[in-house]
Amino acid sequence: MLRSVLVTGSNRGLGLELVRLLAQAEPPPHNLFACCRQPESPGAQDLVNLAKSYSNINVQKLDVDDFGSIQECADQIEKILGNNGLNLLINNAGVNFGGDLNEVTPETMMKSYRTNAVGPMMVTKALLPALQRAAQLNDKFKAIVINISSILASMELFDNKSGTTYAYRVSKAALNMVTKCLADELKLHGILCTSVHPGWVKTEMGGEKAPLTKEESVRGILKVLSTLSDKDSGSFLDWRGQRLPW
């Protein structure tokens with residue numbers, strides 16, 4: 001019973017699949033905000049075409065690297081929602097710069113940190129009033145923030161089979177700490193926050209060797225979402241609902 005949902009990075013990959021399956025849900029969200037950096041670009045054409053088929057999809061411009069863009073999008077969302085709240089925020093937008101110690105640069109480290117950790121935090125901050133209203137208006141279903149993370153951020157499960165990839169691993173580990181901090185601070189407002197590893201998925205980022213399809217991953221994530229409770233806030237789960245170590 002999600003009245004309103006916002007997904008960042010929704011023009012391709014997991015984000016686009018999240019929007020597609022949420023739009024097809026029964027019942028579907030009344031407002032499904034599909035956000036991406038450049039809705040007018042050719043890279044967003046699949047999202048624009050999808051929005052033409054579902055009247056509840058509302059495509060919005062949102063660059064998680066640009067704090068002005070984040071606030072402008074939040075202001076627009078507030079106008080549309082009015083007195084209603086935002087039930088679900090999925091911070092999906094992210095970047096993946098590979099590279100071992102010989103290849104990593106300050107620029108790729110800072111870009112990854114800004115996009116993968118700071119961006120989700122600032123998007124959540126900007127949308128906090130809407131999330132708070134949703135939590136207050138619905139006694140049965142609290143507002144939820146999902147941060148799309150990665151098993152590569154787990155220090156306990158570290159291995160180098162996927163490469164060291166400093167920028168990606170470190171920034172996603174930082175995102176997991178953002179999740180822990182948000183969960184602790186927002187619990188008084190009835191807002192849950194959880195990190196979710198979507199699995200290794202066949203996307204532009206995951207590559208063709210990945211074992212999971214986008215649909216398999218997203219259906220798993222949505223199933224996990226439907227079972228979340230207070231005990232899951234501040235945790236690290238995978239698309240099957242299994243707990244992962246930090």
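## Burial and the basis of the model

A residue is buried under 20% relative accessible area, exposed over 50%, and partly exposed in between, using a 1.4 Å probe and protein chains only. Aspartate 238 is buried by this rule because its relative accessibility is 1%.

This is a predicted model: local features need pLDDT of at least 70, side-chain atom pairs count only at pLDDT 80 or more, and totals for chains, interfaces and linings use all residues. Residues are numbered from 1 along each chain as its sequence is written, and side-chain values use heavy atoms, with hydrogens and water left out.

## Salt bridges

A salt bridge here is a side-chain nitrogen of Lys or Arg within 4 Å of a carboxyl oxygen of Asp or Glu. The count comes to 10 salt bridges. One of them joins lysine 111 and aspartate 65, at 2.2 Å from N to O. Lysine 111 lies in helix H4, and aspartate 65 lies in the loop between strand E3 (57-61) and helix H3 (67-81), so this pair ties together parts that are 46 residues apart in sequence. Helices (H or I, at least four residues) and strands (E, at least two) are DSSP runs, numbered from the N terminus. Lysine 111 is partly exposed, at 31% relative accessibility. Aspartate 65 is buried, at 15%.

Aspartate 238 pairs with arginine 240 at 2.7 Å, N to O. Aspartate 184 meets lysine 187 at 3.4 Å, N to O. Lysine 187 is exposed, with a relative accessible area of 54%. Salt bridges with shared partners also link Glu17, Arg20, Glu215 and Arg219 into one network.

## Helices H4 and H6

Two packed helices are described by the angle between their axes and the distance between the axes. The axes of H4 and H6 (residues 166-186) come within 8 Å and cross at roughly 20°. That makes H4 roughly parallel to H6. Axes are lines fitted to C-alpha atoms, for helices over the stretch in contact, and angles run from 0 to 180 degrees between N-to-C directions. Angles under 35 degrees count as roughly parallel, over 145 as roughly antiparallel, 65 to 115 as roughly perpendicular, and the rest as oblique.

## A nonpolar surface patch

Leu101, Tyr166 and Val170 make a nonpolar surface patch of about 270 Å². Patch residues have over 30% relative accessible area and no salt bridge; like charges are joined within 9 Å, nonpolar side chains (Val, Leu, Ile, Met, Phe, Trp, Tyr) within 5 Å. Accessible areas come from the Shrake-Rupley method with a 1.4 Å probe; for residues, only the protein chains shown count as cover. Leucine 101 sits in the loop between strand E4 (88-91) and helix H4 (106-126). Leucine 101 is exposed, at 61% relative accessible area.
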